[in-house]
Protein chains: 2
Amino acid sequence: MRKQLLLTPGPTPVPPEVSLAMAVPIIHHRTSEYRAIFEEVIKGLKYVFQTENDVFTFASSGTGAMESAVVNLLSPKDKVITVEGGKFGERWTEICKSYGIEPIVIEVPWGEAVEPEEIAQILEKNSQIKAVFTTLCETSTGVVNDVRRIAEITAKHKAVLVVDAISALASIELRTDAWGVDIVVAGSQKGLMLPPGLSFLSISPKAWELVKEAKSPRYYFDLKEAKKALEKIDTPFTPAVTLIIGLREALRLIQKEGLENIWERHALMAEATRKAMLALGLELFAKAPSDAVTAVKVPQGIDGENLVKLLRQKYGVSIAGGQAELKGKVFRIAHMGYITPEDILLTLSCLEIALNEMGFKTPLGKGVKVAEEIFSRG
Amino acid sequence: MRKQLLLTPGPTPVPPEVSLAMAVPIIHHRTSEYRAIFEEVIKGLKYVFQTENDVFTFASSGTGAMESAVVNLLSPKDKVITVEGGKFGERWTEICKSYGIEPIVIEVPWGEAVEPEEIAQILEKNSQIKAVFTTLCETSTGVVNDVRRIAEITAKHKAVLVVDAISALASIELRTDAWGVDIVVAGSQKGLMLPPGLSFLSISPKAWELVKEAKSPRYYFDLKEAKKALEKIDTPFTPAVTLIIGLREALRLIQKEGLENIWERHALMAEATRKAMLALGLELFAKAPSDAVTAVKVPQGIDGENLVKLLRQKYGVSIAGGQAELKGKVFRIAHMGYITPEDILLTLSCLEIALNEMGFKTPLGKGVKVAEEIFSRG
């Protein structure tokens, strides 16, 4: 007998209330019944995004909403800043280039956060820059960027700030309106506790001014059509009905727990995970670690891919390996969405056993003890 | 107490086996477990598409796959043919124009099928045309186009044939390879018996030659990246995991029943529906009616929108009203996917009661009798 515990940074576990809501017989989307559900969802999303702006919903993975941000704001040859430093930061550069938009790329070493002043300096020198693209939590490295400070900087310029919060929303602090983030992009399969298949985009009036003049070709991800539909509590194309119905349940759970409490839970789980790793003699990969996912360096002599496989196949605990240039070099433990301190304790336990089994000798129970102490602080 | 019966042309009912499969705890997509599921899905899709070509899967509504076909085949200023004649035919024109592609539009009166010879004549005169975009079953009018004949025509030219089979696949006959259809686009929420949120695209070697030189900008719907991923039984971006898992179950059900049997079941339900409508003194809207959905003219003096509402709210039977210029003028009964002759009998019964209730006097039981006779032929 083997129970499965999922601690990957997307998909994250789906609460049973959400799974059950999605399993009831499907309904048609052009009905008052569906409209009432979608209306509640729109309201709930504004709470989670901490915004009064419109929040649009697409049937797509998070990358779809990223593409929507690029094509709706910009025209070919437009100048923008993209912040790299991980696989998802690089995606902004790739999307921009695909549409003939010209990014000034800030290459941040993987594992580090961007220095906000670097963005400020480029903006000072290039008044024609229309947008800054960055990432709140870079899932591939476990780094959190100082979006609050970056927003203070972009607020002084004509450039809008676009933040990939796919693996951050409803996990770590993000105050869209209070901080002045123009566009926030998110996905369903992280803090929102849903399966993958929905993406979201909130947009400020400042950013909407750019939409009016943007000439990049677009259709499925076009925001002008989406806006016309949203005014009638609708979407231009058939919505992913079951995921929207699940989202209503997930948003209810989030509102019940409260965003501040959710952020606190994530911070606590992240602190426990980090301190446990250090107690085991492991090294963290991120210099500015996010509270949504912890990336840990694979110790010398251990095969990182095999460690992840062993944990999943023998202990039922799914964590993630490294992506792209970090393949085999880090493992990543998500504390994101429907994950509790108890899940972290169990994961740490199994990790201790697996590490020893693979030849990395570390005292059993040492990391768990540290985590227990942190969770016991009350 | 009220039971709900869904006969809208998407979403269509989801079989309980599929709903249950989607309700089990979610798994990560970069695992051997998921890959085995996706591998089975890819094989099953080839069967349903009746093709040996690659079939790509996107997390999006069907329109996303339509956009993918346009942007991956063509460059700005390219000449194409689009066949209108309904809301979804018009969508091909809209997408092409959004990307600066220049369509020669064949405007077919709503309710009629395109005359294949008209396509032949335009192709004869314009050797630079790169693609012909049409629809197999035009959901908005209930019309079926003669795609088999159109494919014979395009086969003689350099132009590729792109068919929107969103509401046709796994409902009515479509033999992608045998007929020579270069690109077939489909969605999950019709004959595939899934909730909305997945779209599909099959592509022939002839069409792939165009992909190599197409210059339309694209990222999320890019087929070159999708092809690289598919070779590793993967997708470039996070797949809609639960829908893929549901799709495996749906494909198993389809393979068990057999495509020919499925087409026959749909043809039988469509025949019964059409003959019942005529028996009630109603008129069909489509001159070339599809076996996936029947569009019926709303009789004089009856409010079509209210008829649909009455059926849903009082009898629990959801059919669809008209779209765009047909709003209030037709109602549409789907016999598509997880719908049986018994569902049609019940729908006809309730429709007879509702029509009389609204003032359209027709003998109770007369349409149902005709349908029963057809289903009794054995």
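Colleague: Which residue of chain A comes closest to the rotation axis?

Modeller: Two copies of a chain are related by a rotation about an axis and a shift along it. In this predicted model, where local features need pLDDT of at least 70, side-chain atom pairs count only at pLDDT 80 or more, and totals for chains, interfaces and linings use all residues, the residue is A:Ser60, whose C-alpha lies 2.3 Å from the axis. Residues are numbered from 1 along each chain as its sequence is written, while chains are lettered from A and ligands numbered from 1 in the order in which they are written.

Colleague: What rotation and shift superpose chain A on chain B?

Modeller: Chain A is superposed on chain B by a rotation of 180° with 0.0 Å of shift along the axis, and the RMSD is 0.0 Å. The two copies are therefore related as by a two-fold rotation axis.

Colleague: How many residues does each chain bring to the contact?

Modeller: Chain A and chain B bring 41 residues each, residues being in contact if their C-beta atoms, placed from the backbone, lie within 7 Å. On the side of chain A that touches chain B, helices H1 (16–23), H3 (62–73), H4 (87–98) and H10 (241–257) each supply at least two residues. H1(A) gives the most, with 4 residues. Helices (H or I, at least four residues) and strands (E, at least two) are DSSP runs, numbered from the N terminus.

Colleague: In what order do the strands of the chain B sheet run?

Modeller: Strands of a sheet pair through backbone hydrogen bonds, either parallel or antiparallel. In chain B, 7 strands form an open sheet of mixed pairing, ordered S2-S10-S9-S8-S5-S3-S4; strands pair if DSSP finds at least two bridges between them. S2 (54–59) and S4 (102–106) of chain B are at the edges with a single partner strand each, so one side of each has no neighbour in the sheet. Neighbouring strands are turned by 20° against each other on average, direction ignored.

Colleague: How is S2(B) joined to S10(B)?

Modeller: S2(B) runs antiparallel to S10 (residues 198–203) of chain B, and 6 bridges join them. B:Asp54 has B:Ile203 of S10(B) as its bridge partner. Helix H2 (residues 32–49) of chain B lies across S2, S9 (183–187) and S10 of chain B, at about 110° to S2(B). Such angles run from 0 to 180 degrees between N-to-C directions of lines fitted to C-alpha atoms, for helices over the stretch in contact.

Colleague: At what angle do H3(B) and H4(B) pack?

Modeller: Two packed helices are described by the angle between their axes and the distance between the axes. H3 (residues 62–73) and H4 (residues 87–98) of chain B pack at about 55°, their axes 10 Å apart. B:Thr63, B:Met66, B:Glu67 and B:Val70 of H3(B) make the contact with B:Arg91, B:Trp92, B:Ile95 and B:Cys96 of H4(B). These residues comprise 5 nonpolar, 1 polar and 2 charged.

Definitions and conventions:
Least-squares fit on C-alpha atoms with pLDDT ≥ 70 in both. Contact = placed C-beta atoms within 7 Å. Nonpolar A, V, L, I, M, F, W, Y, C, P; charged D, E, K, R; others polar.
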